[in-house]
Each structure stands twice: as structure tokens, then as C-alpha cells.
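Keep the sequence and the model side by side as you go.

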Amino acid sequence: MPIPAPTLYPPFNITRLSHVEYGVTDLAASRAFYVDILGLQVTHEDQSRVYLRAMEERGHHCIILRQSDTAGVSCLGFKLFDTPELDKAAAFFEGKGLPVEWVERPFMGPSFSTRDPWGVPLEFYVKMDRLPPIHQQYRLYNGVKPLRIDHFNMFSANVDEAIAFYGEMGFRVTEYTEDDESGRVWAAWMHRKGGVHDVAFTNGTGPRLHHTAFWVPTPLNIIDLLDLMSTTGYVANIERGPGRHGISNAFFLYVRDPDGHRIEIYCSDYQTCDADLEPIKWSLTDPQRQTLWGAPAPRSWFEEGSLFDGAEIRESDLKAQPIIAP
């Protein structure tokens, strides 16, 4: 199926992805993983939540860890360009017959929550509390030295439909994988901020969150993280990598937090801000799409993901699969 033309003048203006809220079953264990191992900075915490930011971020938080009886994902957050865009965004979702609820969030200005057509919980806002810069406070750099949140990847039962909806909101496709036999899109990467992606969609049982990614300074930071995890009791949490993706050209590592939420550590993709940039097409049968060096991903990478709170999942009817490691 052809990739739709980009919507260059969308009904509202999304600046970038912003934050994710995870339900975690042991707040202390999750805090230790994200702070002591990954190196995110605590900006606020109480008995039920921990708020975290990365080293280059001025906004109050990019991850919220919330104590919960079950592991899950409460929302994916996106920052809008300015205040009038909030009403435009709310009208867009209401016009689609999707729920819009204006909410009060700690450390944030006016915000509303909604869902996409498949039940993914989304949150939109303009203002978040701004914090002093810490990117030159090198004594604070720990773990993998995360600089900023980079993207979300979601399992989707119909990637073509997801591309159409998110494309209408102004996300532009940079790269995609096509199933040679059916001609359908198997996966797609879409951006707002000028990198390879803010959101991506992978064929599979969905909607589920596949992973949240953090940008780090260099591939050597990923090696440092592997050494740290392998000597502090987290070797079993290393899932895939290190390696270099064919898609995006990024150097990567996938790890799992104590509840199984997948985190990608990521660097070295490329600029995509030109409005007329043509998407790069990959064949599902090309082994270098997964890893430029040819190594296939493990089965867990294609089958396991985090459930979104309140969303009903369904299987994809596109059964095509790339090469999977045993």
C-alpha cells in the first residue's frame, strides 16, 4: 500500500514527543534501575510516583514511574507548539468521535487526555515546569548518560491505518518496511522533531508499547552500560544488541526494566527536517533492516510489549515475519 503524502499543514502543531507514565509493581526497584543504572535524574518523588528527566531536558519530566498493582502504560505525552494549539487538538479528536478530558497534571499547565482510534492513551499540553539546565553539570552524569527522550515504538495490528491517522496529525514517514507479498506496510517510522522518529509502528498484536528510547552521547556509553548491568545483577535484563540498525542507521541496545518495560538506548541517526524528504523503503526479507550487520532480533523483541491501560488488544491479520533468532 503506498505511503500517504505528508500533511505539511496539520490541524494542530505537535512539537515533539514528551513523556511516558509507566505503572510499576515495585517503585523502589524501578527507581534504582532508572536512576542508578540508566542515569536519569529525579526531579520529584513521593510514596506513589517518581518523576525523572534526562540530562539535556529542561522540562520537569520525561518519565513518570507510578506504583501500581500491575505493570502498564498510562499515557504517551506530546508537547504542542503554543496555547491555541490545545483547543485545535481537542477539536480534532472530538471531531473523530474520540474522548477528550481536560485534566490537571502536576508540574504541567492545561492538558487534555484522549485516545487514538485503537485505544492508545495520549496526553497533549503546551507548558511544563522548566528546570535549570544540568547538561554541563558533569558530576551528575551516571549510567548510560541519557541526554533526552527520543521516541516511542508501538505494536500495531494495522500499520497502514496507524500511518494514516498519525500522518493526519502531521507526523511524517522517514523509513518503512513493506511486506513483499501483500504490499502492506509492516513497520513505519514517523517524526515531528526532525530526527528519524518520534513514533514508530511495528506489526503485531496491539496496541502495545514496544519501547521508549533515550538518546545518548556515543556508542561507548552503550558499552559502559553493558559493563555496568552485567556486574550489578542486571545481565538478564539485556535483551538485544549492541548493534547498528539498518533502518535509521542508529547504534542501539535494548534492555528491560524490572517489570519488563523495554527501553532502547539509541544514538547516531540522521536529520529529517526537510519537508520534501523521501521515505526510505525496506523489504521485510532484507536482514539488514533489523541490524546492518545482519544479526536477527530475538523472538521476544517481536512478541513482548507493555499493555496500555484501558486498551483492548487484537492480533494483526498480517502474518508475515522477518527472520527471527531462535
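**Exercise 1.** Find which strands helix H1 lies across.

Solution. Start at residues 27-37, which form H1. Helices (H or I, at least four residues) and strands (E, at least two) are DSSP runs, numbered from the N terminus. H1 lies across strand E1 (14-24), E2, E3 and strand E4 (63-67). Its direction is about 160° to E4; axes are lines fitted to C-alpha atoms, for helices over the stretch in contact (heavy atoms within 4.5 Å), and angles run from 0 to 180 degrees between N-to-C directions.

This is a predicted model: local features need pLDDT of at least 70, side-chain atom pairs count only at pLDDT 80 or more, and totals for chains, interfaces and linings use all residues. Residues are numbered from 1 along each chain as its sequence is written, and side-chain values use heavy atoms, leaving out hydrogens and water.

**Exercise 2.** Work out the strand order of the open sheet and name its edges.

Solution. Eight strands follow the order E2-E3-E4-E1-E5-E8-E7-E6, with mixed pairing (two strands pair if DSSP finds at least two bridges between them). Strand E2 (41-45) and strand E6 (101-103) are the edges: each has a single partner strand, so one side of each has no neighbour in the sheet. From one strand to the next, the twist averages 25°.

Now look at E2 with strand E3 (residues 49-53): they pair in the antiparallel sense over four bridges. Within E3, Tyr51 is the bridge partner of His44.

**Exercise 3.** Is Thr212 buried or exposed?

Solution. Locate Thr212 in strand E13 (residues 208-215). Its relative accessibility is 0%, so Thr212 counts as buried (under 20% relative accessible area; exposed is over 50%, partly exposed in between, with a 1.4 Å probe and protein chains only).
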